[in-house]
Amino acid sequence: MNEPDTLAPDAVRDAYLPPVKILVAGGFGVGKTTAVGAVSEITPLRTEERLSAAGVGVDDLSGIEQKSATTVAMDFGRITLDVAVLMLFGTPGQERFWFMWDDLLRGALGAVVLVDTRRLDRSFAAVDFFESRDLPFVVAANCFHGEQDYDPEEIRDALTLREPSTPIVMFDARRRDSVRGVLLALMDHLIASAQPAHAQRT
Amino acid sequence: MHSTVRAAVPADDARSIPAEWQTILRLCAGPGIAVAELAARLDMRVTPAAVLLAQLLEQGLIEHRPPMSDPDAMNIDFLRRIRSGLERA
């Protein structure tokens with residue numbers, strides 16, 4: 001009676017697609033929610049998690065008061081592909097809490113750091129965080145105001161990116177094609193990083 | 001938060017379980033749904049939702065799948081398939 005096979009209707013059950021986690025980070029007001037919403041196949045959802053020092057598994061809790069528990073909110077969107085489901089997590093802006101949040105990075109394939117060149121400093125924390133934890137990422141400069149005052153190399157210098165190969169792309173967070181282009185740039189970066197060093201492509 | 005879950009049995013075949021569990025089975029009847037998404041749809045925070053899901057998992061009502069782990073994810077063919085799927089999406 002509990003045999004799923006005999007209970008299954010005639011229709012073939014949907015394949016259980018592997019989930020792939022991608023983080024969309026950047027400071028307050030740089031367009032994370034807009035970008036996730038533009039590319040997601042579902043209306044983006046807001047998901048909440050309560051972080052507390054007691055439950056984070058950090059060895060050294062010196063200086064963290066119990067009352068530092070806080071609620072962080074993430075935007076969630078998804079894109080179902082034939083081979084996987086991309087899960088997009090718009091990270092909460094409270095970067096100062098990220099360090100006590102192991103789950104944020106666990107299982108993440110890569111990240112997109114959104115920047116607004118008029119407020120680059122708002123994205124420093126995300127860049128530092130991913131660099132220090134070796135999570136590959138691309139930098140995407142939001143041009144929804146129609147223009148950016150800086151070119152990619154100037155942005156690279158201003159962000160003092162550690163990896164010269166980290167791509168910097170210009171995009172419009174409101175446009176689906178444009179956000180998808182950023183994700184494609186991330187995939188290209190991951191593919192290039194996965195190439196064995198001795199097997200250069202031409 | 002980032003694992004996905006999927007119903008192991010159709011909700012209609014599990015009438016004797018609590019209504020809340022049936023709701024969950026309906027929500028995760030497709031190709032897998034992220035715990036984060038399920039929590040949002042249930043209007044719950046992620047941790048309580050995960051506790052609830054653990055009960056369903058224990059009963060064999062759902063299965064779960066973590067995100068692609070690093071060695072898997074770094075499989076270049078898989079990365080290329082994601083890229084080409086994204087291009088067509």
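Does A:R174 count as buried or exposed, and at what relative accessibility? In this predicted model, A:R174 counts as exposed, at 52% relative accessibility. The side chain of A:R174 forms a salt bridge with that of A:D172, at 2.9 Å from N to O. A:D172, in contrast, is buried, with a relative accessible area of 12%. The cut-offs place the two residues in these classes because buried means under 20% relative accessible area and exposed means over 50%.

In chain A, 7 strands form an open sheet with mixed pairing, in the order β2-β3-β4-β1-β5-β6-β7. Its edge strands are β2 (45-51) and β7, each of which pairs on one side only. Neighbouring strands are turned against each other by 30° on average, direction ignored. Within the sheet, strand β1 (residues 19-25) and strand β4 (residues 85-90) of chain A pair in the parallel sense over 6 bridges. A:K21 has A:M87 in β4(A) as its bridge partner. Helix α4 (residues 124-132) of chain A packs on the sheet, where it touches β1, β5 (108-115) and β6 (137-142) of chain A. The direction of this helix makes about 155° with that of β5(A).

In soluble globular proteins, nonpolar side chains tend to be buried together. The largest nonpolar core of the model has 54 residues, of which A:L23, A:F130 and B:L25 touch the most other members. Another core, of 35 residues, lies apart from it and includes A:A35, A:V36, A:L114 and A:I191. Leaving aside residues up to four places away in sequence, the contacts of A:L23 include A:F89, A:L104, A:V112, A:F130 and A:L135.

The loop between α5 (152-159) and β7 (168-171) of chain A contains A:T166. This residue is buried, with a relative accessible area of 3%. Not counting residues up to four places away in sequence, A:T166 touches A:F137, A:V138, A:V139, A:R156, A:L161 and A:H189. A:R162 also lies in the loop between α5 and β7 of chain A, and its side chain meets that of A:D134 in a salt bridge of 3.1 Å, N to O. A:D134 is in the loop between α4 and β6 of chain A, so that the pair links parts of the chain 28 residues apart. A:R162 is partly exposed, with a relative accessible area of 47%, whereas A:D134 counts as exposed at 60%.

Chain B has 5 helices and 3 strands, and its elements run β-α-β-α-α-β-α-α from the N terminus on. Of its 89 residues, 49% count as buried. Among the contacts in chain B with a separation of 6 or more, 60% come from residues 24 or more positions apart.

At the interface, 48 residues of chain A are in contact with 41 residues of chain B. The area buried between the two chains is about 4,100 Å², and carbon and sulfur atoms give 64% of it. One salt bridge between the chains joins A:E48 and B:R45, with the closest N and O atoms 3.7 Å apart. A:E48 belongs to strand β2 of chain A, and B:R45 to the loop between α2 (35-41) and α3 (46-58) of chain B. A:E48 is partly exposed, at 33% relative accessible area, and B:R45 counts as partly exposed at 32%. The side chains of B:E37 and A:R78 meet in a salt bridge of 2.8 Å, N to O. Both residues belong to a network of salt bridges that also links A:E41 and B:R41.

Notes: Residues are numbered from 1 along each chain as its sequence is written. Chains are lettered from A and ligands numbered from 1 in the order in which they are written. This is a predicted model: local features need pLDDT of at least 70, side-chain atom pairs count only at pLDDT 80 or more; totals for chains, interfaces and linings use all residues. Side-chain values use heavy atoms; hydrogens and water are left out. Helices (H or I, at least four residues) and strands (E, at least two) are DSSP runs, numbered from the N terminus. Buried means under 20% relative accessible area, exposed over 50%, partly exposed in between (1.4 Å probe, protein chains only). Contact means heavy atoms within 4.5 Å. A nonpolar core is a set of buried Ala, Val, Leu, Ile, Met, Phe, Trp, Tyr and Cys residues joined through side-chain atoms within 4.5 Å. Two strands pair if DSSP finds at least two bridges between them. Axes are lines fitted to C-alpha atoms, for helices over the stretch in contact, and angles run from 0 to 180 degrees between N-to-C directions. Buried area is the accessible area (1.4 Å probe) that two parts lose on being put together, summed over both. A salt bridge is a side-chain nitrogen of Lys or Arg within 4 Å of a carboxyl oxygen of Asp or Glu.
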